[in-house]
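Hi everyone, thanks for making time this morning. Let me put the sequence and the structure up, and then I'll walk you through a few spots.

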Amino acid sequence: MAEYSKIESALIHGGIYGDAATGAVNVPIYQTSTYEQPELGRNSGWEYSRTGNPTRAALEALIAELEGGTAGFAFGSGMAAITAVLSLFQAGDRVIISSNVYGGTFRVLDKVFRNFGLGYEIVDTTDLQLLEARITPEVKAILVESPANPLLTVTDLAGVARIAKAHGVLSIVDNTFMTPYLQRPIALGIDIVLHSATKYLGGHSDLIAGLVVVNDDALAERMAFIQNATGGVLGPFDSFLLIRGIKTLGVRLDRHVANAECAAAFLQLHKAVKKVYYPGLPDAQGYEVNRRQAKNGGAMISFELHKNYDVRRFFRSLRLIALAESLGGVESLVCHPASMTHASIPKDIRDRVGITDGLIRLSIGIENIDDLLQDLERAIEESEVR
């Protein structure tokens, strides 16, 4: 067994490493739906691939180790992972969510789970005093993103964990933007961590996946039942691709973040830019909190141009950075949250929390930084209304 103490090594050797039967350094793709049983009532540990698959099990062991949790669970998408976590609750329960979260999270709560009696409340979780004041007997969970999507607001995760434990509710963190390489919420006391693994963990814009990690055996047993009963599992080939993507997470994120820090500084100094949202900037909201709980500011940036710049023209003028949904791939992507990722949130709520029609979200890739800055500069210049 490999010996290591650092996460860069765990990314490569963690979980279930290789194949003992052949010595292969990669876990094989067990592309099977079922498993032959030697006799009635006895099997080799595997029965049916919805319940368990060796390739998926290797991935689940890997993410559990990386997040420092008890058990991991792999799903067919980030939304399937969120849906499974929300299935822990029942009619009459309420979930507190951060004031800016991924639009899909809001949509599934507002349009699906509300039909079954699960309520929610949007709260500014950066204000811990306000958060605690909003906990009623009906509240069973606090679900936050930090940094949040798309305004990159930072919530004190250790503070959320303390409040949740004091009131006997679950704390849930969507760690998609940071990954365990930059932030480990369970070490801060959080109960459940989830990921859209489509993003940085996969890293190459070639798969859709979701992951959940829990912090104790009782939660693990409940999540395993929900995963098997509802069946939204990740297939073996995508599990293999995700393991492969995670192996390079460290080196990719180092480059992502280095580029993002340069891009954020560039945008902050640009005369055309009204505001930059990036938790790695010293004057950013939550900068000191983020320094305590994360390795750095990550690689997501949002910004607004002044009114004499046309956002549509800006998007049309980009020649390297792609206008597209998603984030976290090796290529840089840009999107318009109000009409894309957060369009499912009603405009009055978007306006209230600050997701304006002029907001631009930028996922910085690993291209040469000079090429990225040149593309941004040209697009900004061409978008000016003269």
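**Strands, cores and one aspartate**

Let's start with β1 and strand β7 (residues 210–214): they run antiparallel and are joined by 5 bridges. Strands here are DSSP runs of E of at least two residues, helices are runs of H or I of at least four, and both are numbered from the N terminus. Two strands pair if DSSP finds at least two bridges between them. Within this pair, Phe75 has Gly210 of β7 as its bridge partner.

Before going on, a word on the model: it is predicted, with local features needing pLDDT of at least 70 and side-chain atom pairs counting only at pLDDT 80 or more, while totals for chains, interfaces and linings use all residues. Residues are numbered from 1 along each chain as its sequence is written, and side-chain values use heavy atoms, with hydrogens and water left out.

Back to β1. Ala71, Phe73 and Phe75 point one way, Gly72 and Ala74 the other, and all are buried. Buried means under 20% relative accessible area, exposed over 50% and partly exposed in between, using a 1.4 Å probe and protein chains only. Because 5 of the 5 residues of β1 (residues 71–75) are buried, the strand is largely enclosed by the rest of the structure.

Now the cores. A nonpolar core is a set of buried Ala, Val, Leu, Ile, Met, Phe, Trp, Tyr and Cys residues joined through side-chain atoms within 4.5 Å. The largest has 84 residues, and Ile142, Leu242, Ile301 and Phe314 touch the most other members. Helix α10 (residues 249–269) gives the most to this core, with 8 residues. A second, separate core of 33 residues includes Ala71 and Phe73, along with Leu194 and Ile345.

There is also an open sheet of 5 strands with mixed pairing, in the order β8-β9-β12-β11-β10. Its edge strands, β8 (273–277) and β10 (322–323), each pair on one side only.

A polar atom of the Asp93 side chain does lie 2.9 Å from the backbone nitrogen of Gln90.

Thanks, and I'm happy to chat.

Conventions:
A polar contact is a pair of N or O atoms within 3.5 Å; within protein, one must be able to donate a hydrogen and the other to accept it, and residues adjacent in sequence count only if both atoms are side-chain atoms.
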